[in-house]
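Please read them with the structure open beside you.

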Amino acid sequence: MHKWIMSGVFFAACALAIVLMFTLPGKEEVAQEAKPTMPEVTMDAGQAETLVKANCISCHGDQLQGGVGPALANIGSKDDVEKIYSTIVKGKGGMPSFKGRLQDEEIAHIAMWLAEKK
Ligand code: HEC
C-alpha cells in the first residue's frame, strides 16, 4: 500500500517536471534576449553608409560628430561590434530600437562599419 503512494508521488513529480520544462523559458532563450546574436554578413561599407545616412545622422550628426545622441566617430575604440549591434537592436536611453525597422543583416552591416571607426 505504502509503495503505491510513493510511486504515485513520484509520477506526479515527474509530470510536474515535464510541464515546467516546456513552460519555463529555456536558458538559451533568456540569454539571446539579453544579447542578440549578430547574423554573419560580409561587411558592405557602401550599404552601411547609406543606411547610417538614412537612419542615424539625424541624431548622431552627418559626420557622426554627435548631436542629440553621442558622437560615433570613434565608437569602435569604445565598443566592439557585438555591443554596437546590441545597442542598435535594442535601443538605449533616448535612442529607439531598430529591431523590425531595419533587417538584422542591415544592422550587422552598420555595426561592423561603425566598429571600424577608431
Ligand atoms: C532619435 C535619435 C537617435 C537615432 C535616430 C539614433 N540614435 Fe543612436 N543614440 C541616441 C541617443 C540619445 C544615444 C545615447 C543613449 C544613452 O546613452 O542613454 C544613442 C546611443 C548610440 C550608441 C551608443 C553610443 C555610446 O557612446 O555608448 C550607438 C552605437 C548608437 N547610438 C548608434 C546608432 C545607430 C547606428 C543609429 C542608426 C541605425 C542610431 N544610433 C540612431 C539617439 C539616436
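1. A residue is called buried here when its relative accessible area is under 20%, exposed when that area is over 50%, and partly exposed in between. By this cut-off, buried residues make up 30% of the 118 residues in the protein chain. Please keep in mind throughout that this is a predicted model.

2. On the overall fold, the protein chain has six helices and zero strands, so that the order of elements from the N terminus reads α-α-α-α-α-α. Among contacts in the protein chain with a separation of 6 or more, 65% are between residues 24 or more positions apart.

3. The iron atom of the ligand deserves a careful look, since His 60 through NE2 and Met 95 through SD coordinate it at 1.9 to 2.1 Å. The site has six donor atoms, with angles among them of 79 to 179°, and its geometry is octahedral. For comparison, ideal angles for six octahedral donors are 90 or 180 degrees.

4. Where in the chain do His 60 and Met 95 lie? His 60 belongs to helix H4 (residues 57-60), whereas Met 95 sits in the loop between helix H5 (81-90) and helix H6 (104-115), and the two are 35 residues apart, so the pair links distant parts of the chain. Their accessibility can be stated separately: His 60 is buried because its relative accessible area is 10%, while Met 95, at 23% relative accessibility, counts as partly exposed.

5. His 60 also has protein contacts, and, if residues up to four places away in sequence are not counted, His 60 touches Gln 65, Gly 66, Gly 67, Gly 69, Pro 70, Leu 72 and Met 95.

6. Within H5, the buried residues are Ile 84, Tyr 85, Ser 86, Thr 87, Ile 88 and Val 89, and the buried residues of H5 pack against H6. Ile 84 illustrates this part of the model: leaving aside neighbours within four places in sequence, Ile 84 is in contact with Ile 75, Asp 79, Ala 111, Leu 114 and Ala 115. After H5 comes Gly 91, which has a positive phi near 80°.

7. Not counting residues up to four places away in sequence, Trp 113 touches Met 43, Ala 45, Ala 48, Glu 49, Val 52 and Leu 64. The C-alpha atoms of Trp 113 and Gly 46 are separated by 9.4 Å, although these residues are 67 residues apart along the chain.

Methods
Residues numbered from 1 in each chain as written. Predicted model: local features only at pLDDT ≥ 70, side-chain atom pairs only at ≥ 80, totals over all residues. Heavy atoms only, no water. Donors = N, O, S within 2.8 Å, 3.2 Å for Na, K, Ca; no water. Tetrahedral: all angles 85-135°; square planar, octahedral: opposite > 155°, others 65-115°. Helix = DSSP H or I, 4+ residues; strand = E, 2+ residues; numbered from the N terminus. Buried < 20%, exposed > 50% of the residue type's maximum accessible area, 1.4 Å probe, protein only. Contact = heavy atoms within 4.5 Å.
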